[in-house]
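Please look over the sequence and the structure shown here, and read the report that follows alongside them.

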Amino acid sequence: MALGSSCHIKRFAKQTRSTLHPDQSEQTRPHPESAGVGHGTRHRNIRRKTPSAGPEPLGFYFPLTQNNFEAFGFAEPLVRALDQCGYQVPTPIQASSLRPQPDGRDLLALAETGSGKTAAFLLPILQDFAASGIQPGPREVLALVLAPTRELALQIDQEVASLTRNLHTIRRSVVLGGVSKGPQINALKRGLHILVATPGRLLDHVSERHADLRPVRTFVLDEADRMFDMGFIRDIRKIASMLSHKRRTAMFSATMPAEIRTLANELLNDPFRVDLSPKQVVVDRIDQKMMIVPAAQKQGRLHKLLQDVSWSRVIVFTRTKRGADRVTDRLTMAGIGAVAIHGNKAQNARQRALKDFSLGHVRVLVATDIAARGIDVSDVTH
Ligand code: AMP
């Protein structure tokens, strides 16, 4: 998906079909504690939830519950936006989590980028705004979404823009590091329905009293495991401590290491749990191959692979930022269009690189894992 447009239909039609059990066309009542997706025999990680006082494993009993959006009773401007986006069938994460959230339940979801999780947390927030007609006062933030990277924050903001296209009174903004503070301050001062932010820059604004987080009604923590990898957990605890206890919280994570379980236990109140196994998604949609190549031959082998024209949109991951630059330079010298993104690049250079790649102006995007996390580009061939 090009950064900036948020409406993608085809691959979800495919994913939903492949993940749903044929019997799931009828509405099924979810277990009060947990929901899952998929068909028991195909999922290895189905576990019975065992009663315990401490952090519990994510477990799920019952399959998907909805195969269309009508059943959720969204306000007309949202229904229209879904239609304009071409979202006809809820993705598994949406189908299983869109009912408990408007009922006020906290959510803990094991799901990664590409699952449709952004709409899964945005739709209940926007439905709340549409139904209540609530307006934020100056500096007030009513819904806060935290994301680990600038790219992900911008992508989420674009999805907000898409879904609020018919809700003209909704004020939204995005606050992230690496760009000037002035326009962010102006937006915060007016008050916002929905703010998407990276943690460090948000804390700067709060300490300078540009934003008041006490009115936050819904708090979303996206890619919690990546937040942990990037050292944001302290910032998150600090931000959470500024919020009202009456808020609703939704936490998304691709993996569930012990630290994230502990954080979930601290921040969430009796959450509804959804376990969308990322492994299942990968197996369904990606063919994986491994080549063992001596380090000195890796670049040459890459160039050879790229002689195949069917490798038309390729992402290369490197471990280090310097490695990303080196691979990119060598590809460019060999006449292969390549751009790099990593944390040392300025925000506008990263966005330009992503745009060039998603528009097909360059064939290869070379990225460090962290910089690439959460990037959503369609039609990647390799
Ligand atoms: P996400 O996992 O939130 O990053 O979403 C990945 C992509 O799926 C985005 O491009 C969304 O616009 C798209 N998407 C989300 N929900 C749906 C849906 N129900 N049907 C089709 N596309 C969707």
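## Gln299 and its surroundings

Leaving out residues up to four places away in sequence, Gln299 touches Val327, Arg330 and Leu331, where contact means heavy atoms within 4.5 Å. Gln299 has its place in helix α12 (residues 298-305), the helices being DSSP runs of H or I with at least four residues and the strands runs of E with at least two, numbered from the N terminus. Because its relative accessible area is 13%, Gln299 is buried; buried means under 20% relative accessible area, exposed over 50% and partly exposed in between, with a 1.4 Å probe and protein chains only.

## Basis of the model and the chain as a whole

This is a predicted model, in which local features need pLDDT of at least 70 and side-chain atom pairs count only at pLDDT 80 or more, while totals for chains, interfaces and linings use all residues. Residues are numbered from 1 along each chain as its sequence is written, and side-chain values use heavy atoms, with hydrogens and water left out.

The chain has 382 residues, of which 52% count as buried, and its secondary structure comes to 15 helices and 11 strands. Among the contacts in the chain with a separation of 6 or more, 76% are accounted for by residues 24 or more positions apart.

## The nonpolar cores

The largest nonpolar core holds 42 residues, and Leu123, Leu163 and Ile194 touch the most other members; such a core is a set of buried Ala, Val, Leu, Ile, Met, Phe, Trp, Tyr and Cys residues joined through side-chain atoms within 4.5 Å. Two or more residues of this core come from each of several elements, including α2 (76-85), α4 (117-132), α5 (150-163) and β5 (192-197), and the largest share, 8 residues, comes from α4. In soluble globular proteins, nonpolar side chains tend to be buried together.

Apart from neighbours within four places in sequence, Ile194 is in contact with residues including Leu122, Ile125, Phe129, Val160 and Arg171. A second, separate core of 33 residues includes Leu192, Ala211, Met227 and Ala264.

## Met227 in helix α8

Met227 lies in helix α8 (residues 224-229) and is buried, because its relative accessible area is 0%. Setting aside neighbours within four places in sequence, Met227 is in contact with Leu146, Ala147, Pro148, Pro199, Leu221, Asp222, Phe232, Ile233 and Ile236. The C-alpha atoms of Met227 and Ser253 are separated by 9.3 Å, and the two residues are 26 residues apart along the chain.

## Two helix contacts

Helix α7 (residues 199-207) and helix α9 (residues 233-241) have axes that come within 10 Å and cross at roughly 40°; axes are lines fitted to C-alpha atoms, for helices over the stretch in contact, and angles run from 0 to 180 degrees between N-to-C directions. That makes α7 oblique to α9, since angles under 35 degrees count as roughly parallel, over 145 as roughly antiparallel, 65 to 115 as roughly perpendicular and the rest as oblique. Pro199, Gly200, Leu202 and Leu203 in α7 meet Asp235, Lys238 and Ile239 in α9.

Helix α5 packs with helix α14 (residues 347-358) at an angle of about 65°, their axes being 11 Å apart. Arg150, Glu151 and Leu154 of α5 make this contact with Gln347, Arg350, Gln351 and Leu354 of α14.
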